[in-house]
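Please read it with the sequence and the coordinates at hand.

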Number of protein chains: 2
Amino acid sequence: MNRLTVELGERSYPILIGQHLLADASNLAPYIRGRQVMVVSNETVAPLYLQKLLAGLAGCELERVDHLELPDGEAFKNLDTLNRIFDALLERRHNRSTTLIALGGGVVGDMTGFAAASYQRGVDFIQVPTTLLSQVDSSVGGKTGVNHPLGKNMIGAFYQPRLVLADMDSLSTLPPREFSAGVAEVIKYGLICDSEFFGWLEANMGRLMARDPEALAFAVERSCRDKAEVVAADERESGRRAILNFGHTFGHAIEAVQGYGQWLHGEAVAAGMVMAAELSRLRGDIPVALVDRIRQLLAAAELPVSAPEAMTVDEFLDAMAVDKKVIDGRLRLILLRELGEAAIVSDCSRDLISEALLRCGAV
Amino acid sequence: MNRLTVELGERSYPILIGQHLLADASNLAPYIRGRQVMVVSNETVAPLYLQKLLAGLAGCELERVDHLELPDGEAFKNLDTLNRIFDALLERRHNRSTTLIALGGGVVGDMTGFAAASYQRGVDFIQVPTTLLSQVDSSVGGKTGVNHPLGKNMIGAFYQPRLVLADMDSLSTLPPREFSAGVAEVIKYGLICDSEFFGWLEANMGRLMARDPEALAFAVERSCRDKAEVVAADERESGRRAILNFGHTFGHAIEAVQGYGQWLHGEAVAAGMVMAAELSRLRGDIPVALVDRIRQLLAAAELPVSAPEAMTVDEFLDAMAVDKKVIDGRLRLILLRELGEAAIVSDCSRDLISEALLRCGAV
């Protein structure tokens with residue numbers, strides 16, 4: 001088992017990465033302060049891993065362990081579903097010293113984290129991410145929240161877990177599309193801050209796609225470490241942390257226009273990264289050969305590398321105007337300076353963005 | 001104008017207290033960082049003070065100033081109304097550098113503060129409390145949130161404003177019951193941490209009830225100062241800050257059983273403080289003469305000093321069991337050690353609590 005600490009002063013917490021971690025109480029017990037636990041999962045993940053986790057919790061000397069299964073999918077990541085968590089907590093009389101455990105992917109983690117941030121103004125929170133995407137993305141950074149009909153992740157909080165438990169076993173049941181979507185974020189870390197890791201991914205994408213547990217553990221740990229370094233320097237996303245949104249402004253536009261749930265988040269980010277890379281090339285910052293390498297690596301991970309069919313440039317531009325990255329009317333984008341180095345840019349003309357979009361299949 | 005700073009490190013903020021503050025841009029402008037503002041008020045307060053505030057904002061060089069009127073009352077302090085704030089922000093494309101201004105009482109302040117805490121994971125927030133209760137209570141402490149059908153303030157966040165503007169002018173239109181409800185919290189500060197102030201209140205209750213502006217400004221400033229001292233020592237309510245809940249555990253039970261909106265919060269707290277004082281006396285901590293003085297001062301402020309008619313002891317005890325002050329099954333109460341000194345007590349027997357309730361009119 002590997003152990004990585006996300007350094008955030010008094011809010012620091014460990015990420016445990018390895019195999020067979022779920023059912024071992026010694027991994028969980030030190031991080032549960034009260035005597036009550038509520039496990040929040042969804043109808044897909046619970047049948048696979050809930051009993052295993054409950055077996056682990058049985059060794060933790062708790063007064064009560066409740067669990068709640070939410071419907072599965074981004075479409076349910078909203079205030080109504082969030083309220084179901086509050087209903088359950090209040091009906092079962094959970095107090096301020098309760099611990100919420102999120103068992104599932106990013107949607108379960110984001111909602112449970114926001115519920116923990118908001119329930120009685122903040123209770124403890126443990127994350128057990130069961131998808132590759134959530135292991136390498138939402139494990140680090142403390143972003144929690146829900147969607148609003150007018151925008152993704154528009155309602156939420158920065159809230160740190162007390163522990164993240166990333167069990168490689170849970171990746172074995174992941175559908176291929178979801179697995180690939182996770183690999184998109186893994187590739188992102190190589191692009192924005194870790195060229196050596198990008199090289200490793202080019203050399204090892206075969207092992208990764210075959211879900212070799214050792215390759216997976218390495219990729220998850222390296223991704224979390226890369227992200228943790230960026231986040232530690234900028235917990236509340238006022239500056240450098242924005243580079244983590246590489247590909248996301250375009251990706252959110254795809255998700256918003258296609259409707260949440262049509263494209264997976266990681267798929268949208270994959271196409272978005274190609275767009276951002278293409279725009280970087282048009283500005284003369286990176287060579288065309290690097291854009292080709294990026295397309296090739298994403299394609300090897302079975303990810304989309306161009307815009308959804310029939311999505312127009314105007315649909316992109318319009319959707320991007322309400323994105324969180326807009327500061328006082330000026331569109332900020334994350335672009336590449338070179339492989340392994342991203343930067344925030346706010347002087348892109350509408351025309352140049354349009355051209356990059358056209359070159360990536362927008363119409 | 002008096003200026004008081006709530007010391008919370010990098011989250012410190014000033015409270016400005018005085019007359020004619022609303023329409024002066026120089027009070028507001030230094031605290032607005034972006035170019036967008038959303039004023040959230042309610043249908044009762046907006047007709048009285050919104051134009052005045054907008055006049056002040058007109059001098060602040062903003063790109064856009066929007067406003068939203070919510071329905072008035074505790075009954076609307078819920079997730080649905082909160083969502084109306086998010087709707088308005090997103091429809092009008094407010095970004096992460098927007099500032100939310102709460103113009104109204106505690107309900108507007110709590111909801112707007114939680115909206116600011118949650119919108120895009122946190123935007124700036126200014127409070128313009130227009131009731132005595134909100135000026136002396138929610139101005140300090142950063143508590144924001146909404147109610148849940150199963151409990152008051154069960155969903156929320158600790159979130160500090162950048163500025164609080166307490167304009168004594170706005171107290172002139174306050175209905176008598178609401179004014180008295182505010183005086184209840186003022187009296188609370190005297191009881192829990194400021195015996196000198198309690199003496200001042202006994203001597204000056206006549207001026208205060210006549211809404212003498214100088215007496216009001218003194219009482220608001222002293223209350224905020226008292227509360228700020230307690231909060232500064234314990235921002236997230238892990239210890240000493242709990243004394244601010246003096247009277248509140250009983251008060252919340254009254255509100256929950258009567259239905260929110262029947263008794264005003266301050267009225268419930270007034271009766272709750274008598275119950276807590278009575279319990280302190282039964283434990284032998286304070287003399288009966290002090291309980292009498294407390295009853296007299298509250299009565300002089302036209303506040304209730306006993307339980308609602310026909311409310312039973314069991315209704316109290318049942319409602320108190322889901323209160324936030326319950327840690328791992330043990331009921332913690334805030335009681336008086338002497339005038340001006342409160343303490344957290346967790347060894348009260350059910351019988352003693354019942355007796356105190358019976359002596360305060362519960363049946």
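1. The model is predicted. In chain A, the domain assignment places residues 2-173 in domain 1 and residues 195-359 in domain 2. Between the C-alpha centres of these two domains of chain A the distance is 26 Å.

2. The contact involves 32 residues from domain 1 of chain A and 24 residues from domain 2 of chain A. About 2,500 Å² is buried between the two domains of chain A, and carbon and sulfur atoms account for 64% of that area. On the side of domain 1 of chain A, the greatest losses of area to domain 2 of chain A fall on L4(A), K152(A) and F158(A), which together make up 23% of what that side buries.

3. K152(A) also takes part in a salt bridge: its side chain meets that of E255(A), with 3.5 Å from N to O. Two salt bridges are found across the interface of domain 1 and domain 2 of chain A. Six residue pairs, both members at pLDDT 80 or more, are in polar contact between these domains of chain A.

4. Several elements of chain A each supply at least two residues to the side of domain 1 that touches domain 2: strands 1 (2-6), 2 (13-18), 7 (143-148) and 8 (151-158), together with helix 5 (132-136). Strand 8 of chain A contributes the most, with five residues.

5. By residue class, this side of domain 1 of chain A comprises 14 nonpolar, 12 polar and six charged residues.

Note on methods:
Residues are numbered from 1 along each chain as its sequence is written. Chains are lettered from A and ligands numbered from 1 in the order in which they are written. This is a predicted model: local features need pLDDT of at least 70, side-chain atom pairs count only at pLDDT 80 or more; totals for chains, interfaces and linings use all residues. Side-chain values use heavy atoms; hydrogens and water are left out. Domain bounds come from an automatic or database domain assignment. Contact means heavy atoms within 4.5 Å. Buried area is the accessible area (1.4 Å probe) that two parts lose on being put together, summed over both. A salt bridge is a side-chain nitrogen of Lys or Arg within 4 Å of a carboxyl oxygen of Asp or Glu. A polar contact is a pair of N or O atoms within 3.5 Å; within protein, one must be able to donate a hydrogen and the other to accept it, and residues adjacent in sequence count only if both atoms are side-chain atoms. Helices (H or I, at least four residues) and strands (E, at least two) are DSSP runs, numbered from the N terminus. Ala, Val, Leu, Ile, Met, Phe, Trp, Tyr, Cys and Pro count as nonpolar, Asp, Glu, Lys and Arg as charged, and the others, Gly among them, as polar.
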